[in-house]
Amino acid sequence: MLNCSDLGLRRGQRLLFSGATFNIFRGEKVGITGANGCGKSSLLSLVRAELTPDAGSLIMPPGLALAYVAQELPANDAAAIDMVLDGDAQLRELQARLAAAGAHPGAGPGEAGPAGDSQAGAQLAELHARYAQIGGYEARSRAGRLMAGLGFAAADELQPVSSFSGGWRVRLALARALMCRSDLLLLDEPTNHLDLDAILWLEGWLRGYPGTLLLITHDREFLDRIADRILHIEHQQVHAYRGNYSAFEQQRASELSQQAALYTRQQREIRHMESFIERFRAKASKARQAQSRLKALERLRRIAPAHVDVAVEFAFAIPDKLPRPLLSLERQAAGYDGRVLISGVTLTLAPGDRVALLGRNGAGKSTVMKLLAGVLPVLAGERTAARELRIGYFAQHQLEQLDGTQSAFEHLRRCDAAAGGRAAEQGLRDFLASFGFSGERVFEPVAPYSGGEKARLVLALLAYQRPNLLLLDEPTNHLDLQMRQALAVALQDYPGAVVLVSHDRHLLRVVADQLLLVHAGQALPFDGDLEDYAAWSAGTAPVPSAPALSAPPAPCAPSAPSESAQGRRQRRQEGAEQRRRIAPLRATIAQHERELERLTAARALTEQALSQPQLHSAAGKPRLLQLLQEQASLVRAIEQVEAAWLAASEQLEAAEERAPADPPTALR
C-alpha cells in the first residue's frame, strides 16, 4: 500500500530522517514511535501530501481513500451528528444526487414522454440501490454509535458544533474520521482528549478496522493491543520492527546490546592499529605495514556507540515526615454552588498507599481529587489531616497557571524560596536536568514550551516540594513514552501515598494497588482489575449499589496469563502492605543519608582548617587542640550514622526480598 524508498525529510535546516526505506502492506496496523520532535507527525504529513520529501519517494496506489483527524472543526451551527456524517463522502454524494433526483423527478432536458420518465426512474432506482448497498439507511445509527463510543450522550447529537469545548470538538473530529470509508487511517495522538472508557471503546473499534492504520500514540498499552508493526525514528533513521511495542522493546534492547559489544571490540581494534602506526611509521622496515594499516583505518566504517535518543530518570524527593495516617475522610460530600456531586466518600490514606480512581467521563473523579486536596468546600462529613501533611496536587489547570514570562529556573528558584531554602544555582539546574531541562533551555521563558514540557515542569515543581501525599489528575497528558515510564518508576519508589486519575493503563497497572469506582455520586472500592473494569464499562446492565461487576465479560484480549480476581486482589493488598512496611525504612535511610552529607561536609571544613600553617605555632596550639577534638568527634559521629544507615539498608533489602512476586506480563 505504501512504498517508501530512500525517503528523506528536513524541516528548515534540521534533518528529521534520511534513507528511510520500508513498505506498509494492506491491512497492517503500524505504530510510529520515537522521541518528541523526531519527525513522527511529519511522516504522516508526507502521507497526506501536505509535505513533499526532500529526497527519495513515497508511492501510494491511485484512488486510495485516506482518513485523518482534522486539526480544527468549524464552530458553526450544524448539528454534531451531521458533522460526523460529513466524514462519509460517498454517503453525502449519494444523498445529494438523490435529493437532486427527487427535486426533478420528470424528464431531463431534451427528454419527454414515457421514455424519459422511464429512464429517470431507472436512474433513481439505481441510486437507491447503491445507497442501500453502502448502508445509507443505517448511516445515522452508525454515526450515533461512534459518538456514543467516544463519550457523547444521545442528547448531544443534535447540539450545534459551536456549543462544544475544544476537547469535545477533537472527539467530533475523531468520530468524523472513523465515519469515513477509508483504506488508510492516520491517527496522531487520538487518546489525548479521551477518558479511559472512550479509549477502551476506540481500542476495540481499531482492532476490527479492516483497512491500514498508521498510529502515533504515547499510550504503550493502547499501542501494544493494536499495533502489529512498529516504525521507530531514532538518530535520523527509520527502522521497521515486527510485532507490538513490547516486542519492539525486546528487539531494540537486543540490538543495543549487540551494538555495544561490536563498538567495544572495534574500539579495541582501532587502538591496536593506531598504536602500531605510531610505533612503526618512522621505521623504514615497517613503513609499508604502517601505511597499510593507516589506509585500512581510514576505510573502516565506524560503529556508533549504542545509546537511545532520550533517557529520562527522576525521583520524587523523600518527604521530611511520613505521619500515619496522612489523611482520613469520613462520609464527606462535595459539589459546586451548594449542589452535591459526590457524597459518602470514606477513605484513609497512609504512606505507601497507591489508589487509582476509575469512572466514566463526568462521573466526578476530578471532584474527588479536589475534595482530597481540600480545594472544594465540604458539604458534609469529616476530614482529619495529619499536622505534617504536605500535598502535591497535579491538575491540568496548573499548566495554564505557569508564568509564561518566567523560565523553568525562575519557577524552581521561587519554589525553593517559598520552602525557605537557598539552593545553589548548580543544584537547581541539576534537578531540572533530571526532568529533561538542560543547557540554556532552563533560562528561556516557558510560554513557547510544548504541553509535554509544561507538564514535566509542573511535575518537577511538585517533586521539589517533598510532598508526602501526591494527587495526580491525568499527569500523563502530553508526556511521551519515555517520560511516562520514568514517572511510573518514580512513583513505584516514592514512599508517600499516591492517588491517581489516568487513562494510561500501563501507569495504572504498575502503580495502583487499590481501585475506587466513581459512579452514581459515590466513590467505592472496585472489586476487580482493569480487565474487569473494561468488561463492566462495555456492558449495558445497571450498576448495583455495591460496585461488583454488572456487565457480562467483553472481549478484551488480556496481555498476561489469566489470574483469579481473588488472587489479583490478594496480590495488590500484599503489595500495599509491603510498601507500608518499608516506607518508614526508606524515610530512615534518607534521614541518615542527609545526616552523613552534613557530617562529611563539616569534617571537610575541619580538615581544611587543620591544614593552616599558623596552627602549628605556639600561639595556635589551643585552636589546634579544639579542631582535633572536633575532627575526632565528627569521625565518631560519621561511623555511628554509617552503621545505622547500613543496618536500615539491610532491613530494607530483607523486606524487599520478602515482597510478593508480580505475575509475568508483557508490560513489566
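1. Buried here means under 20% relative accessible area, with exposed over 50% and partly exposed in between (1.4 Å probe, protein chains only). This is a predicted model, where local features need pLDDT of at least 70, side-chain atom pairs count only at pLDDT 80 or more, and totals for chains, interfaces and linings use all residues. Residues are numbered from 1 along each chain as its sequence is written, and side-chain values use heavy atoms, leaving out hydrogens and water.

2. Now the neighbours of S8. Strands count as paired if DSSP finds at least two bridges between them. S3 (residues 29-34) runs parallel to S8, with five bridges, and Thr 33 has His 232 as its bridge partner. S9 (residues 237-242) runs antiparallel to S8, with six bridges; there Glu 234 is partnered by Gln 237. S8 and S9 make a hairpin with two residues between them, and His 235 in that turn has a positive phi of about 55°.

3. Next, a three-stranded open sheet: the order is S11-S10-S13, with antiparallel pairing. S11 (339-349) and S13 (378-385) are the edge strands, each pairing on one side only. Seven bridges link S10 and S11, and Gly 335 sits opposite Val 340 in S11. Helix H11 (residues 365-373) packs on this sheet, touching S10, S11 and S13, and its direction makes about 125° with that of S10.

4. Worth a click: Gln 332 in S10 (residues 327-336). Gln 332 counts as buried because its relative accessibility is 1%. Its contacts (heavy atoms within 4.5 Å), not counting residues up to four places away in sequence, include Leu 371, Val 378, Glu 382 and Arg 383.

5. Finally, a helix pair. The axes of H7 (residues 196-207) and H18 (residues 530-538) come within 10 Å and cross at roughly 85°. Axes are lines fitted to C-alpha atoms, for helices over the stretch in contact, with angles from 0 to 180 degrees between N-to-C directions. H7 and H18 are therefore roughly perpendicular (65 to 115 degrees; under 35 is roughly parallel, over 145 roughly antiparallel, the rest oblique). Leu 196, Asp 197 and Leu 200 in H7 meet Tyr 533, Ala 534 and Ser 537 in H18.

Methods: Helix = DSSP H or I, 4+ residues; strand = E, 2+ residues; numbered from the N terminus.
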